[in-house]
Amino acid sequence: MRLIERIFYLNKLKDVMGTPDIKVITGVRRSGKSKLLESFLSYVQENDSNANIIHINFNLNAYENLTEYHALNNYIESAYIVGKNNFVLIDEVQMCAGFEKAINSLHASEKYDIYITGSNAFLLSSDLATLFTGRTFEIEVYPFSFGEFMQYYELTDQYAAFTRFIQEGGMSGSYLYKTPEAKYDYISDVFNTLIVRDIQKKYKIRNMPLMERLCDFLIDNISNLTSTRSVAAAFTSEQVKTNDRTISAYIKYLCNAFAFYKVRRYDIQGKRYLASNDKYYLSDHSFKYAKLGTKNADYGRMIENIVAIELLRRGYELYAGVLYKKEIDFVAIKRNEKLYIQVASSVDDPDTFQREVDPLLKIKDAYPKMILARTRQEVYQYEGVQIVDVADWLLKDRT
């Protein structure tokens, strides 16, 4: 497989080299966590002549004897070299029983610079503070961005490339396969493995038919307002036995494993978060094609999913805006920065354009407002609202 250097994530690791934090690389299955760790290892080898790198990859049988925390701790301690910069890099750390005890002990010794990756469902963001007594620095890895997709395939026509990206997505393991059918088979297998091996094993789920049905429902309704009660009621009406508490728990498990991302609603006028009817987006839009097929593909929803993941990748908190009963696709917030964004496949039709721009024009604050669509032209403005080609926007910070 052809490899590209994922500068965006590698720079994050470079920035925290030498800090006392436990660096934790998370993200959806097959998003490139292991390759990122290997890339960082190469960087350290090339740039630190005083480095002693202790690298353990639990995917390899060679390290099978370290799958108990005492053995892991003793192996690392025996590899320590006084006077060196001792780096510990562990891939798939959850395969070691009691791994957190070893990591905490090594961290407490203040002798190591520690980097770990783990299966998404077993190394949750919400669990890090509980698992590790030391401070953690989390780097969440997403599937390939549009910029990385173009870099991988060495594409130069961004508009044609974006059409292809909508269809193929960012699961780079699928790029090795020649036909769309083979690509989607691979992507479907990744998703199924995530559900069965990670989520079912972690949470000991017994009703897997319900989980699979819920997955299909959420995939088919990405970007739609969704409540657990309405989902439970819909399933019950179809003679599927469940309740809103079970649905809520299952959705939480799916989000914990980075299969989906929940976007809460935000009342722009009242400046408050709304409790019901959230939106859900796939970690990679290609999962929809792989699981439900490509017939009746809604490019508008696919583009909205792509924009949602890109905003999260760039570090924004993401909300669905509500103003005077009008919906704004995204309110993106990062420190003192705020963006209001509408997403559409096209705004060539005057009625479509008006429908997208009207909610933005009703927002009275001075924060930037934009419509992202496939315009294939330079940025232009309409009464203070920027109209931006979505491919251009995705490549704006091409990392």
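The points below go from the whole chain to single side chains.

This is a predicted model, in which local features need pLDDT of at least 70 and side-chain atom pairs count only at pLDDT 80 or more, while totals for chains, interfaces and linings use all residues. Residues are numbered from 1 along each chain as its sequence is written, and side-chain values use heavy atoms, with hydrogens and water left out.

**Whole chain**

- The protein chain has 15 helices and 13 strands; these are DSSP runs numbered from the N terminus, with helices being H or I of at least four residues and strands E of at least two.
- Along the principal axes, the C-alpha atoms fill a box of roughly 70 × 50 × 50 Å.
- Of the 399 residues, 53% count as buried, meaning under 20% relative accessible area with a 1.4 Å probe, protein chains only.
- Of the contacts (heavy atoms within 4.5 Å) between residues at least 6 apart in sequence, 67% join residues at least 24 apart.

**Strand β1**

- β1 runs parallel to β5 (residues 136-141), joined by 6 bridges; strands pair if DSSP finds at least two bridges between them.
- Ile 25 stands opposite Ile 139 in β5.
- β1 also runs parallel to β4 (residues 113-117), with 3 bridges, and Val 24 has Ile 116 of β4 as its bridge partner.

**Aromatic rings**

- There are 26 aromatic pairs, counted for rings of Phe, Tyr and Trp (its six-membered ring) with centres within 6.5 Å; planes under 30 degrees apart are stacked, over 60 edge-to-face and the rest tilted.
- Phe 149 and Tyr 175 form an edge-to-face pair, because their ring centres are 5.6 Å apart and their planes at 80°.
- Phe 149 lies in helix α6 (residues 146-153) and Tyr 175 in the loop between α7 (158-168) and α8 (180-203), so this pair ties together parts 26 residues apart in sequence.
- Phe 149 is buried at 0% relative accessible area, and Tyr 175 is buried at 6%.
- Ring pairs link a cluster whose members include Phe 144, Phe 162 and Phe 165.

**Charges over rings**

- The charged end of Lys 111 sits over the ring of Tyr 80, 4.4 Å from its centre; the rule is NZ of Lys or CZ of Arg within 6 Å of the ring centre and within 35 degrees of the ring normal.
- The charged end of Arg 314 sits over the ring of Trp 393, 4.4 Å from its centre.

Note on methods: Buried < 20%, exposed > 50% of the residue type's maximum accessible area, 1.4 Å probe, protein only.
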